[in-house]
Amino acid sequence: MRVLFYVLHLQGIGHVVRSTRICAQLAEEGCDVTLVLGGMPIDGFEAGKAKVVQLPPLRMAPDSYRVLRKENGEPVDDAYKAARMAQLSQTLHQSNPQAVLVEAFPFDRPQMHFEIIPFLEAARQRCPRPIIVSSIRDILQTKAKPERDANALDNLNKLFDFVMIHGDPQVATLDETFRHTDEIKGKVHYTGIVSPVLPSEPAEKVYDVVVSAGGGATGEAILKAAISAKPHTPLKDKRWVATLGPHSEDAAANEIRSMAAAQNVEVVPFLNELAAHLSTADFSISQAGYNTAADILLSGCTSVMCPYSGIRQNEQPQRAEKFEKLGLAKVVSEQDLSSETLIAAIHAALAMPKSNVKVDLNGASNTVRILRDLVTRH
């Protein structure tokens, strides 16, 4: 099976991590996979046996989600857009896919209509025509304006055959964050959560408590609250590590290192194979992003979640709330986060009975199985 997977990351790399896990599984199971990256190049990026095509890089302007910039910060002009579209067209022709997957669109990426819509129209005109699939996470950003969902529905009906939701309906269902779910029921397939594969060898260094802040751009408060809380918790004599994240600011990182040294907390830029570290840990303190949540579920680690809730950001608070209702974590909201509230949540999490909810974590392998079936039927 020949698969072309288009992924665009304009801020964090969570979407890329999930999509790469799917591509790696597809390739591992014998598929011919081409992964197209539309954002900035990522240091140390690996996609298993999948072929990777990097389009001319894009990133967001610092003050606007809709304004696109080149890698050097210059505004994107028509010539730059044309170069991307030409490379995308060439990749479509060379890969000759039986299935085209597009991450997030049409539920998100409105600033990319100039590129994605012509690409999908070209894919639909191929003979034989590939199936076209929207690949989305379990919880979407709720749109304040109903017309945004209406536009997504229109593009779904015109351009897409199926929607793959990489989540377990026990945790979240599409109708909770998309107004027109009833109108696309025949297109929707749940794959389960796309979790990592635990390495066969344990991590070289073992920690008892792992405090993580995602990419680091919005996690400073969690790290400070956790370090301050440590001496007042039953975990005070355990081995703690705090991960800064690749996007942490230097000044904040220096302050966190100073606080951590006083409390005997090790500080690292990041932890490779976070799930592997959590699987040998007693406790996790983290945000509630998709990939972190998958790592926590896979490891079975006792958890407190402090979800990021910036402007119009509902995804992490909703996921954390779902986890708490299912008995999978305790939650401290970003607005209430302090060392005192975190101490109380740690005590509550340690006293929490083990949940009997079994979340489907086979999202990557299920995606391969579902996709094979859809291509075969097509």
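## Ground rules

Residue numbers start from 1 along each chain as its sequence is written, and side-chain values use heavy atoms, with hydrogens and water left out. Because the model is predicted, local features need pLDDT of at least 70 and side-chain atom pairs count only at pLDDT 80 or more, while totals for chains, interfaces and linings use all residues.

## The loop between β6 and α3

Let's start with the stretch between β6 (99-103) and α3 (113-124), where Pro106 is found. Helices here are DSSP runs of H or I with at least four residues, strands are runs of E with at least two, and both are numbered from the N terminus. The peptide bond from Phe105 to Pro106 is cis, with omega near 5 degrees. Ala104 lies in this loop too, and its phi is positive, near 75 degrees, though it is not a glycine. For context, most residues other than glycine have a negative phi, and most peptide bonds are trans. At 7% relative accessibility, Ala104 counts as buried (under 20% relative accessible area; exposed is over 50%, partly exposed in between, with a 1.4 Å probe and protein chains only).

## Rings and charges

How many aromatic pairs does the structure hold? There are three, counting rings of Phe, Tyr and Trp (its six-membered ring) with centres within 6.5 Å; planes under 30 degrees apart are stacked, over 60 edge-to-face, and the rest tilted. Phe105 and Phe160 make a tilted one, at 6.3 Å centre to centre and 40 degrees between the planes. Phe105 sits in the β6-α3 loop and Phe160 in the loop between α4 (146-159) and β8 (162-166), so this pair ties together parts 55 residues apart in sequence. Phe105 and Phe160 are buried.

Phe107 and Phe178 have ring centres 5.0 Å apart and planes at 80 degrees, so they are edge-to-face. Phe107 is in the β6-α3 loop and Phe178 in the loop between β8 and β9 (188-190), so that pair links parts 71 residues apart in sequence. Phe107 and Phe178 are both buried.

Two charges also sit over rings (NZ of Lys or CZ of Arg within 6 Å of the ring centre and within 35 degrees of the ring normal). Lys81 has its charged end over the ring of Phe114, 4.6 Å from the centre, and Arg18 lies over the face of Tyr290 at 4.9 Å from the ring centre.

Another cis bond runs from Cys127 to Pro128, with omega near 0 degrees; Pro128 lies in the loop between α3 and β7 (131-137). Glu273, not a glycine, has a positive phi of about 55 degrees. Glu273 is in the loop between β12 (265-268) and α7 (274-279), and at 46% relative accessibility it counts as partly exposed.

Nine of the ten residues of α8 (residues 290-299) are buried, so the helix is largely enclosed by the rest of the structure. Among them are Tyr290, Asp295 and Ser299. Just after α8, Gly300 takes a positive phi of about 75 degrees.

Gly300 is also one of the residues nearest the centre of the second largest pocket, along with Cys301, Leu328, Lys354 and Ser355; the lining has 18 residues. A pocket here is an open set of points on a 1 Å grid over the protein atoms alone, where a 1.4 Å probe fits, with protein on both sides within 12 Å along at least five of seven lines; lining residues have an atom within 4 Å of a point. α8, β14 (302-305) and α10 (339-351) each supply at least two lining residues.
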